[in-house]
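Dear colleague,

I am passing on the structure we spoke about, with a summary of what turned up in it below. Please look through the sequence and the coordinates before you read on.

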Amino acid sequence: MPNPLFDALFAPHLDRETPFLIMDGTDDLTHGAFLREASRYAHTLVAMGLAPGDRLAAQVDKSPEALAVYAACIMAGVVFLPLNTGYTHLEVDYFIENSGARLVLGRADALDELHRDCNRMGVRFETLEADGSGSFPEAATFQPTHFDPVDRDAEDVAALLYTSGTTGLSKGAMLSHRNLLSNTEVLTEYWRFSSDDVLIHALPIFHTHGLFVASNIALLSGAAMIFLPRFNLDHVLAALPRATTMMGVPTFYTRLLDHPDFTKDLCATMRLFISGSAPLLSETHRAFEERTGHRILERYGMTETNMNSSNPYEGERRPGTVGFPLPEVELKVTDPDTGETLPTGEVGMIEVRGPNVFKGYWQMPEKTAEELRADGFFITGDLGTISEDGYVTIVGRSKDLVISGGFNIYPKDVEQVLDDLPGVLESAVIGAPHPDFGESVVAALVPEQGAVLDISDIEAGISAHLARFKQPRHYEILDELPRNTMGKVQKKKLRKTYKDVFKGS
Ligand code: MLC
Ligand code: AMP
């Protein structure tokens with residue numbers, strides 16, 4: 001019986017007692033041990049009444065057990081919905097409600113709020129802690145260690161990943177077995193991954209980068225992962241001499257470069273550093289090569305499409321570019337107004353088509369139609385150009401989006417919360433260059449007539465509603481927002497005015 005992701009990522013390793021998750025300080029896990037754990041979880045999902053196609057939402061810390069939940073979902077045909085651990089319970093409520101999740105896995109510290117919300121919504125709640133304990137793994141203790149995978153079609157949805165939008169409404173991107181597997185196969189070959197590799201995994205596993213790019217590639221190739229709970233500089237420095245590859249957001253690389261212990265010698269066993277999720281500055285690329293002799297390989301992707309383009313493994317890794325469209329991916333640059341393909345070298349909207357492109361947004365056909373053309377091209381919202389020799393460069397975004405340390409923040413999400421605070425007439429949220437996070441959030445606030453705004457009140461007022469990473473790091477109080485003749489807020493002007501607020505921070 002076919003189950004495309006199971007057959008490719010898990011089946012070959014079922015009885016392999018080869019290193020899979022190398023843990024710092026706790027027990028390492030072999031491929032076999034990981035899959036036995038995942039099998040017990042898959043039985044537990046069935047025992048809890050989940051059927052193929054049901055959604056499981058998980059807001060849990062990174063751990064082997066959390067990754068095993070993903071694997072269990074694939075085995076049982078359950079749609080996996082991972083959530084940023086930084087989200088407040090109010091943010092999570094929306095995802096649970098919108099997806100119609102049958103089961104929510106959370107941390108005990110969320111018990112009071114999230115558990116209560118789940119009770120209200122009639123959704124089952126179980127716990128999974130960072131150390132692998134909790135009511136869910138407990139329920140799995142005596143389940144069998146073999147699970148016959150549920151039959152799945154390549155077009156069946158394997159995961160639902162929410163991405164916000166310029167309207168402030170989060171949309172669940174439906175990713176099928178084919179979407180995920182085709183991209184994993186292409187990338188594994190493009191980046192030459194094999195069972196000899198040891199990948200430093202310091203990314204979160206609730207996003208495309210850490211889950212589908214890093215973990216799926218390791219599984220397909222049989223590579224091991226040094227599985228760190230988060231990006232801790234000392235732990236990454238300690239891991240480097242045991243590793244061959246690393247994947248990260250640009251903040252990983254700037255932080256490494258800022259540390260005097262990060263040397264060429266430390267990278268002696270490394271063959272490849274990969275960067276993505278946000279623009280890598282050319283100066284970082286050059287400084288990295290000077291320090292280590294390695295040219296970072298930059299690639300470009302997004303939640304809806306997985307990876308679209310990559311600099312080559314062999315050949316020139318050109319700083320400031322995201323390389324060539326990947327095999328099987330068509331990438332074109334179009335006129336944002338007409339959709340016509342533009343001549344080589346011109347800047348326009350990047351559109352992509354291929355087996356990597358998602359199936360659409362969960363129960364939002366009209367949103368899907370706005371971004372996914374009938375001919376299969378997805379309108380990315382990224383502005384770019386293709387050079388004569390085929391390199392793609394991203395020059396900006398048409399979507400109103402801030403990318404901070406690889407996390408996406410949609411200004412509308414933040415503005416809606418700010419506008420609701422007492423004394424705030426209106427707000428405008430922008431991104432400004434930040435030395436550590438690449439970009440960080442700035443809010444311009446206009447008080448209601450007669451009101452005096454106190455920033456600490458504002459900060460307290462938003463903290464229950466917005467994940468910490470979305471919260472503004474700098475505020476400006478203005479008499480009015482700059483507007484054009486049509487009355488539209490001139491964010492470009494605000495970005496220019498406040499471009500230096502994080503300089504030196
Ligand atoms: C943490 N904080 C952030 C933040 N991460 N604030 C803004 N932006 C971020 N990215 C908050 C913390 O809550 C903390 O709040 C403060 O900032 C300082 O935390 P820190 O200790 O410096 O942060 P750290 O834990 O080191 O995290 C930084 C990071 C992490 C860059 C290592 O954010 C990270 O791992 N980012 C990767 C994101 C990612 O995987 N993106 C892929 C998306 S998929 P306080 O209150 O203490 O000040 C995608 C598609 C593709 O985009 O192409 O890949
Ligand atoms: P997400 O929705 O979290 O998947 O974020 C996807 C967005 O991240 C893309 O649409 C781009 O704007 C941005 N992105 C990803 N990789 C890169 C890159 N290498 N350079 C510039 N932007 C990138």
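How much space lies in the second largest cavity? The figure is about 40 Å³, and please keep in mind, here and throughout, that this is a predicted model. The lining of this second largest cavity is made up of Ser-182, Asn-183, Val-186, Pro-327, Glu-328, Val-329, Pro-355 and Asn-356, and by class these residues are four nonpolar, three polar and one charged.

Searching the whole structure gave two cavities of 30 Å³ or more. The largest cavity has a volume of about 60 Å³, and the residues that line it are Pro-82, Leu-83, Asn-84, Tyr-87, Leu-161, Tyr-162, Phe-206 and His-207. Six of the lining residues of the largest cavity are nonpolar and two are polar, with no charged residue in the set.

Turning to the open spaces, the second largest pocket holds about 270 Å³. Its lining has 16 residues, and those that lie nearest the centre of the pocket are Met-23, Thr-26, Ser-63, Pro-64 and Ala-130. Divided by class, the lining of the second largest pocket comprises seven nonpolar, four polar and five charged residues, and at least three residues come from each of domain 1 (4-152) and domain 2 (190-397).

The side chain of Arg-255 has an N or O atom 2.7 Å from an oxygen atom of ligand 1, while for the side chain of Arg-230 the corresponding distance to an oxygen atom of the ligand is 2.9 Å. In the case of Ser-404, an N or O atom of the side chain lies 2.5 Å from a nitrogen atom of ligand 1. Ligand 1 taken alone exposes 1000 Å², and the protein buries 76% of that area.

For ligand 2, the surrounding residues number 16, with Glu-298, Arg-299, Thr-303, Asp-382 and Lys-399 as the closest. Taken alone, ligand 2 exposes 500 Å², of which the protein buries 92%. The elements that contribute two or more residues to the shell around ligand 2 are β13 and β20 (392-397), and the largest share, five residues, comes from β13. By class, the shell around ligand 2 has seven nonpolar, four polar and five charged residues.

With best regards

Key. Residues numbered from 1 in each chain as written. Chains lettered and ligands numbered in written order. Predicted model: local features only at pLDDT ≥ 70, side-chain atom pairs only at ≥ 80, totals over all residues. Heavy atoms only, no water. Polar contact = N/O pair within 3.5 Å; in protein donor to acceptor, adjacent residues only side chain to side chain. Areas by Shrake-Rupley, 256 points an atom, 1.4 Å probe, with all protein chains shown as cover. 1 Å grid on protein atoms, 1.4 Å probe; cavity = no way out; pocket = protein on both sides within 12 Å on 5 of 7 lines; lining within 4 Å. Points joined across faces, edges and corners; volume = space filled by probe spheres on them. Nonpolar A, V, L, I, M, F, W, Y, C, P; charged D, E, K, R; others polar. Domains from an automatic or database assignment. Near = heavy atom within 4 Å. Helix = DSSP H or I, 4+ residues; strand = E, 2+ residues; numbered from the N terminus.
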